[in-house]
Amino acid sequence: MATFSLQSVLGNGSGKIACHRRFSVAAFQSGSILVLWDYARAGGESRKFVPMEPNQRCSALFFTRDAQSLLGLWLTQAGQLKLTTWRTSHGTRLTDQRLFEEAVGSQFWVDFHPETSQLVVVYGTAPLTAHVFYWEPSSSRAQRLAHGRLPSAALLSVHLLDDGRHFLTAELSAVEFWAFAEGTPQSLLRVELGLRLRACGLCEDLAYLLPERGSLQVVNFRGQRAELADAAPSVAAHALAISANLLCMGTSRGELLVYSRSRLELLRHVLAPEGSGPNLSPDTSQRGVSSLAFGMNDDYMCVCFADGSHGVLHLESGRYVAFRIGHTSAVRAVVLAPRLELPAGIANRLLNPERIIQARTLAFLTLAGDTNWINWPRGGASMRSTLLCPSQLAPQDDRAESFAPSLWAPSLNTSLDGFSALVGRPLVLTAAAFHPTARLSDVGNFAGAYVLLAGAEDGSLHTLESDDDAALDAPGAAGRIVWRTVRIRPQAPDLQLAQRGTGAPSRSPCCHIDVSRCGSFAVACFENFCSEVLQVPLLTRVLVVQGLSAVARAYGPGSSKAMFVWHPTGTQRAYDSNLYIVSHTAEPTELVLYEAYPFGASWAKATRTEFRLPVICQAAGGEFTDFVVHPSQLYLAAAAVLPRAETRSMALVFDLWGGELLKSCALFTSLLVAPALPLRPRLRADVSGAFLFCASSPTLVGTLDQAASRRLAEPLGFDAWHLGSEPPCSGGGPAASASVLCVIDFLTGFQSYQSSLDASCFSLGSLASDPTQLFLGAHDGTVSVWHPPEPVRTRIRSLLEDVKKETVIQRMRDGGGNIEVFSPAELEEAVAMYWAVGLRRSIDWSSWGEHPGAESESGYQRAPSLLDATSPWPPPAGRSVAARGAAASDDVVEQARQGWPPPSAMPTVR
């Protein structure tokens, strides 16, 4: 059966890299993908991607002696420690072994010695429990050699010695040698250090200790201790790696100090990666080296940094042969860039203008909880960018308006309201959207090519323009894209909630931005559910869509959303130039379509259509979690959660301009999904309108009996967190990170495919690039690019081709010229027209989403609709409930039309 196919993985979510000492192979985890990396392969590096189980998070990875196998240790959803073995050459899973039955808790320490094939695991709280295993290469399974209690507190690390009879435990201020040959760990020597350790390394019988302050120290098996004054870096060292001949330390500045282990002679001082390629975080506190590991023949060093970057350093030359950047926190948004165009004067002078466009196009950018965002070009190296808070605000009487950066003067003594804590510091971007038009400058560089509207954690809005200094005739001709701020708008006082107790205004982070098709307007939403329409690029207010409301909301961050919509036909757009905006309201069961129109010298708005959750869903505690406007501009698809119903996640389709609820269907219906909390769905529609893509909040994935064996911690409430937030932790196992992803055929309402992947956010491809791509941001800060199953891809591409053919035919009938190449805007209008004049008639709303268990024409499973959902409330006395599948069904649309249940039978919501 067809399934989702992985195209690429960006970033390293493990924070460390497992390496082999004799071969150029490395491994790390990114989201729900295990990456096997040959970093020195002839002809260029190569990577192999291995899908992981849902919520499988490897805490440690080790290569065997011959590098034929890779061992990974991870906690199951029940909190038990499991050992998985993969074949390195092709990524095939060989064995899965549960090391012991009891749960090990959230903290454990492991080490594997490839020469002796021994594995040591220490876990628990004081006293700790230790197990030593022998990994049998022929069976790929571990056999226990020794186990017992260790009267120790929390550890820093554990290390196996070369003799195969001892191991070392490193605590924060002590090290202890243990013997396990008799079947039970026995303490041989404990050395109190009198200082706090940052890292510990072991080579032969010597333990190298890296303290938080001072020089490197060494302790031997007899307890003799010496301070190595020659290995005293001028800045704090954070990481340590030791081989037979070399000793390497990583500093807080991202530098590497390579010593000869025997003579402690400094051989090489490697500076942090800089220059025109990928760069470290501008935040100096995030530039430190977090992990080091020697690679092939001690000629290479695999380095991980605190800002999520990782690379491979060739020690002899001091150059990074590979360097990649990433995030350190969950990805909040993947923002796709518009198609880049060339000025006519340049395009006419080039033999292959498309090559120039492809070489300089920005594909997308990603936002996370870091103080920088990452620009991902279509070709070339990715780059970090940072938005700095201005060092001084503009005059107080103009504070609610927007300002050019020239009005902000540097100052060290500025203190103005809530900005004083962020003066001169990098801001965390929380939302962003591109202007729909992108064009290179007349000299062929990035100056003004892209315009980005960005929202920050302090509620401020910023207009950014791309810039660089490289023209087409410059060496390399690629240019490094940078961003400059052209306009700044602090959050207006009338959009700030008063803090409880003090009454002081509290700025709310921006959580969503949408730009109109004409590029002249933008709507910005904030976490306090306020939203406003602004002019672009000046960021002056047009009108307030949602002001402060006294209605208490339980939505988590990022739930507020507003989008521009437009008429599907050119005739309607020609006679109606008003703005239309679909927005959340203060009520969680309501969406509104507003019409904004000029009113004298200002703008006004009126409610055009209201979209309400049916009363039966409200009685089940339901509320909208997300919505998306169908590309046809005819329908509004909304996602809802119903905590007290049997069907707890659903999608509803409304008539966009009439407000009528057309039909609904259940989401995430697989029996392998056992959520402890109701799944909050998020919706996206592909650019052709053929499918809806739905992703859930993080959840357990497995059979119901597996979920029953694990007790989760007391949740904060079903609405206290959402898709992009950190998932709740469990009492015994790791935090859930897997989201259920399903594809709904929009013509039939049937669920085509369902899978489980790590997704803190997701986006679909645009008409400016590949419309069949799926971008997933993971909770570990990585990004993966996927293709949906082949039947879905074929359907999307086929529909777009039909749209182009029909548009060309219709234009020739009307006497217009032929269209050889469709621009994204032209194709977007053509898709809407195609649905409006023809394809909408293919939808049978009376049977949309019905017939559970039947097979569709494409051969994939249809999803059951709410026809099979059990009502959360008993029927009124004297009224019988129709059998499932009958004409008088339990579908929420039919029940809403019939007025069931009556108001007297409904409990009070909120």
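This tour moves through a predicted model, from the whole chain to individual residues.

**The whole chain**

Of the 910 residues in the chain, 57% are buried. Switching to a surface view shows an accessible surface of about 36,900 Å², and carbon and sulfur atoms contribute 50% of that area. Among the contacts with a separation of 6 or more, 54% are between residues 24 or more positions apart.

**Aspartate 298**

Select aspartate 298, in the loop between β26 (289-294) and β27 (300-305). Which side chain of opposite charge is nearest to this aspartate? It is that of arginine 21, 4.2 Å away. Aspartate 298 is buried and has no salt bridge; the criterion for a salt bridge is a distance within 4 Å.

The side chains of aspartate 298 and serine 243 make a polar contact at 3.1 Å. To complete the surroundings, display Arg21, Ser243, Ala244, Leu246 and Leu315, which aspartate 298 touches when residues up to four places away in sequence are set aside.

**Salt bridges**

The chain contains 30 salt bridges. Select arginine 57 and aspartate 780, whose closest N and O atoms are 2.8 Å apart in a salt bridge. This pair links distant parts of the chain, 723 residues apart. Arginine 57 is in the loop between β5 (46-51) and β6 (58-63), and aspartate 780 is in the loop between β61 (774-777) and β62 (783-787). The two partners can then be viewed with the surface on: arginine 57 is partly exposed, at a relative accessible area of 27%, whereas aspartate 780 is buried, at 12%.

Proceed to arginine 517 and glutamate 829, a salt bridge with its closest N and O atoms 3.1 Å apart. Arginine 517 is in the loop between β44 (510-515) and β45 (521-526), while glutamate 829 belongs to helix α7 (residues 824-837), so the pair ties together parts that are 312 residues apart in sequence. Arginine 517 is partly exposed, with a relative accessible area of 29%, and glutamate 829 is partly exposed as well, with 28%.

**Aromatic pairs**

The count of aromatic pairs is 26. Display the rings of phenylalanine 434 and tyrosine 450: their centres are 5.8 Å apart and their planes stand at 65°, so the arrangement is edge-to-face. Phenylalanine 434 sits in strand β37 (residues 429-434), and tyrosine 450 in the loop between β38 (438-439) and β39 (451-456). Both phenylalanine 434 and tyrosine 450 are buried.

Now turn to phenylalanine 624 and phenylalanine 654. With ring centres 6.3 Å apart and planes at 65°, this pair is edge-to-face. Phenylalanine 624 lies in strand β52 (residues 623-629) and phenylalanine 654 in strand β54 (residues 649-655), 30 residues apart. Phenylalanine 624 is buried, with a relative accessible area of 0%, and phenylalanine 654 is buried with 1%.

The selection may then move to Tyr635, Phe746, Trp835, Trp845 and Trp848, which form one aromatic cluster.

**Backbone features**

Hide the side chains and go to proline 537, in the loop between β46 (531-535) and β47 (541-546). A cis peptide bond, with omega about 10°, joins valine 536 to proline 537.

Then select alanine 67, in the loop between β6 and β7 (69-75). Alanine 67 is not a glycine, yet its phi is positive, about 60°. This residue counts as buried, at 10% relative accessibility.

Glutamine 633 is in the loop between β52 and β53 (635-641) and is buried, with a relative accessible area of 6%.

Key
Residues are numbered from 1 along each chain as its sequence is written. This is a predicted model: local features need pLDDT of at least 70, side-chain atom pairs count only at pLDDT 80 or more; totals for chains, interfaces and linings use all residues. Side-chain values use heavy atoms; hydrogens and water are left out. Helices (H or I, at least four residues) and strands (E, at least two) are DSSP runs, numbered from the N terminus. Buried means under 20% relative accessible area, exposed over 50%, partly exposed in between (1.4 Å probe, protein chains only). Lys and Arg count as positive and Asp and Glu as negative; His and the chain ends are not counted. A polar contact is a pair of N or O atoms within 3.5 Å; within protein, one must be able to donate a hydrogen and the other to accept it, and residues adjacent in sequence count only if both atoms are side-chain atoms. Contact means heavy atoms within 4.5 Å. Accessible areas come from the Shrake-Rupley method with a 1.4 Å probe; for residues, only the protein chains shown count as cover. Rings of Phe, Tyr and Trp (its six-membered ring) pair if their centres lie within 6.5 Å; planes under 30 degrees apart count as stacked, over 60 as edge-to-face and the rest as tilted.
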